[in-house]
Amino acid sequence: MIRKAACLTIAGLTILSMASQTVAGGRAVECYEPVRSPTVYDTVYEDVMVSPGGQLVDYDPPIYGTFERVEQIAPPRVTYEVVPAVTRTVYRTVQVDNGGYAWEWRVIHGRKVLCKIWRKARYARVAETVVVQPERTRRIVLPAEYESVAHEVLVRPERRHVREIAPSYQRVARRVVVQEGSTSWRRVHIARHCRN
């Protein structure tokens, strides 16, 4: 039944073809039909780099501490200073006038007369500064001076640790064309009669 329907279809197409060719002005000598070959694909697996890898550096900063040490900040030295003189005030009595005879005018009984008189010696108390100890230069020896000084010291130097990280890959599937599809022509045999 199917074969009969297929023959009828082919015959119908042939008649249409002949009719169209007849209409176009001629009889078909040869006929061809396009045959399409599909594109052939395949799946390939390949390793694709996910991460390029590299280096990872772990860094620990240096650690510092302090310690105190007594250090000499000034050496022993010698200096000199002037010691002023030591003085004191001394009081003594000195004769300021020898006294003796002298002439002076006087008024006696209303008359001005020149009289010879006797004068006693006169004394006065005077102050005098005397040096008890003269000025001198004194030698002074200054000892060395020390002070506690804080120093910074390195307790632990910096540390760097380099870790190598390998690149990582992942297997992925990819569809590729094995053969491109193409179109070719195939000759069609026209059957005048279909047989059962």
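The legends below describe close-up views of a predicted model. Residues are numbered from 1 along each chain as its sequence is written. Local features need pLDDT of at least 70 and side-chain atom pairs count only at pLDDT 80 or more, while totals for chains, interfaces and linings use all residues; side-chain values use heavy atoms, with hydrogens and water left out.

Figure 1. Helices (H or I, at least four residues) and strands (E, at least two) are DSSP runs, numbered from the N terminus. Of the 196 residues, 7% are buried. Buried means under 20% relative accessible area, exposed over 50%, and partly exposed in between (1.4 Å probe, protein chains only). The protein exposes about 17200 Å², and carbon and sulfur atoms supply 54% of this area. Accessible areas come from the Shrake-Rupley method with a 1.4 Å probe; for residues, only the protein chains shown count as cover. Among contacts (heavy atoms within 4.5 Å) between residues at least 6 apart in sequence, 87% join residues at least 24 apart.

**Figure 2. I63, F67, V153 and V155 make a nonpolar surface patch of about 310 Å².** Patches are made of residues with over 30% relative accessible area and no salt bridge; like charges are joined within 9 Å, and nonpolar side chains (Val, Leu, Ile, Met, Phe, Trp, Tyr) within 5 Å. Strands β4 (63-74) and β11 (145-156) each supply at least two residues of the patch. F67 belongs to β4 and is partly exposed, with a relative accessible area of 35%.

**Figure 3. T66 touches H151 and E152, not counting residues up to four places away in sequence.** T66 is in strand β4. From C-alpha to C-alpha, T66 and E152 are 4.4 Å apart in space, although 86 residues separate them in sequence. T66 is exposed, at 64% relative accessible area.

**Figure 4. One aromatic pair is counted in the model.** Y101 and W118 form this pair, which is edge-to-face, with 4.7 Å centre to centre and 65° between the planes. Y101 is in strand β7 (residues 100-108) and W118 in strand β8 (residues 111-119), 17 residues apart. Rings of Phe, Tyr and Trp (its six-membered ring) pair if their centres lie within 6.5 Å; planes under 30 degrees apart count as stacked, over 60 as edge-to-face and the rest as tilted. Both Y101 and W118 are exposed. K116 lies over the face of Y101, 4.9 Å from the ring centre. The charged end of K112 sits over the ring of W105, 4.9 Å from its centre. A charge sits over a ring if NZ of Lys or CZ of Arg is within 6 Å of the ring centre and within 35 degrees of the ring normal.

**Figure 5. H109 has a positive phi, near 50°.** Most residues other than glycine have a negative phi. H109 lies in the loop between β7 and β8 and is exposed, with a relative accessible area of 78%.

**Figure 6. R159 and D60 meet in a salt bridge (3.6 Å, N to O).** R159 in strand β12 (residues 159-165) and D60 in strand β3 (residues 54-60) are 99 residues apart. A salt bridge is a side-chain nitrogen of Lys or Arg within 4 Å of a carboxyl oxygen of Asp or Glu. The whole structure has 14 salt bridges. R159 is partly exposed at 44% relative accessible area, and D60 is partly exposed at 33%.
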